[in-house]
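Biologist: Hi! Could you walk me through this one?

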Amino acid sequence: MSFQTLFTKMEDHTLIITINRPEKLNALNQQVMQDLDAVFERVYKFPEIKSVVITGSGLKSFVAGADIKEFQALSKAEATALAKRGQDVFFKIEHSPKPVIACVNGFALGGGCELAMSCHFIIASDNALFGQPEVNLGIMVGYGGSQRLTQKLGKARAMELVITGNNINAEQALQYGLVNYVVPQTELLDKAFSLLAAAHNKAPLAIANSIKAVNAAWDESVNGFEVEANLFGDCFITADCKEGIQAFIEKRKPHFTGH
Ligand code: COA
């Protein structure tokens with residue numbers, strides 16, 4: 001797999017995606033968005049990819065936002081289309097059937113914070129900084145940030161961040177429930193791998209259905225409980241369900257095949 005703005009590497013069935021524009025603090029230009037879209041096409045399709053980690057190149061920044069230089073001279077229609085496109089790419093990440101962890105290794109500002117929030121959860125290094133500073137530019141969040149920040153932090157905290165443009169550090173992000181863990185920068189990937197190792201031993205379809213069910217809690221067009229019951233039922237027509245239950249009864253480890 002080769003992409004203009006991403007460095008990708010497979011390790012123990014985890015695809016590590018590194019956004020690779022360190023000289024611009026990994027700002028999300030349209031090429032990065034296109035590459036993220038394309039790499040997630042493969043994540044959805046390739047069974048050898050069991051999980052994904054997204055991080056930023058260098059020691060200073062995960063992603064310092066959408067590329068501000070591309071905002072110059074945008075018309076209203078072009079800006080709306082840009083936001084919609086960003087939302088679509090992040091929706092694809094959020095709805096990935098394989099677990100996606102953001103390893104935030106520094107600035108996660110603007111679109112960087114929105115990208116991290118579209119992942120299934122976040123591990124932050126102790127130098128991480130989160131924020132939505134768009135109001136400093138006379139604009140606002142546009143890649144789903146107003147919705148996901150409110151889901152994750154609650155209305156009052158989300159309002160404070162988008163209105164003031166103030167940043168929060170890793171410890172505050174942990175306290176707010178935005179991130180699951182804070183670790184030294186050198187331990188970021190190890191922490192992700194230790195969590196993913198547990199997921200890799202589980203049935204892939206059960207994991208995919210679990211992700212769908214949790215995402216349904218935020219989808220007002222469906223009844224999440226009904227979605228959960230149906231997905232639960234779907235598990236029972238899989239070979240992995242038979243294998244998991246049989247293995248428990250026989251007191252052995254299950255061997256899941258993804259069918
Ligand atoms: N878009 C485009 N370029 C960006 C960028 C962004 N969001 N964030 C950083 N860069 C570029 C800078 O323009 C600079 O490029 P240059 O060397 O060609 O001038 C380079 O990355 C390094 O950034 P710099 O500002 O020199 O680093 P710093 O350590 O002094 O400051 C930040 C770091 C993150 C505080 C600062 O870059 C910043 O405020 N960035 C914008 C954050 C933002 O508003 N994001 C939301 C955008 S909608």
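Predicted model: local features only at pLDDT ≥ 70, side-chain atom pairs only at ≥ 80, totals over all residues.

Biologist: Thanks! Which residues come nearest to the ligand?

Modeller: Lys24, Lys60, Ala64, Ala66 and Ile68, out of 18 residues around the ligand; a residue counts as near if one of its heavy atoms lies within 4 Å.

Biologist: And what does Lys60 do with its polar side-chain atom?

Modeller: That atom lies 2.7 Å from an oxygen atom of the ligand. A polar contact here is a pair of N or O atoms within 3.5 Å. From the backbone, a polar atom of Ala66 is 2.9 Å from a ligand nitrogen atom, and an N or O atom of Ile68 lies 3.0 Å from a nitrogen atom of the ligand.

Biologist: How much of the ligand does the protein cover?

Modeller: The protein covers 61% of the 860 Å² of accessible area that the ligand has on its own, by the Shrake-Rupley method with a 1.4 Å probe.

Biologist: Switching topic: at what angle do α4 and α5 pack?

Modeller: Helix α4 (residues 145–153) and helix α5 (residues 155–164) pack at about 135°, their axes 7 Å apart. Axes are lines fitted to C-alpha atoms over the stretch in contact, and angles run from 0 to 180 degrees between N-to-C directions. Helices are DSSP runs (H or I, at least four residues), numbered from the N terminus.

Biologist: What about α3 and α4?

Modeller: Helix α3 (residues 111–118) packs on α4 at about 55°, with the axes 10 Å apart.

Terms used
Residues numbered from 1 in each chain as written. Heavy atoms only, no water. Polar contact = N/O pair within 3.5 Å; in protein donor to acceptor, adjacent residues only side chain to side chain. Helix = DSSP H or I, 4+ residues; strand = E, 2+ residues; numbered from the N terminus.
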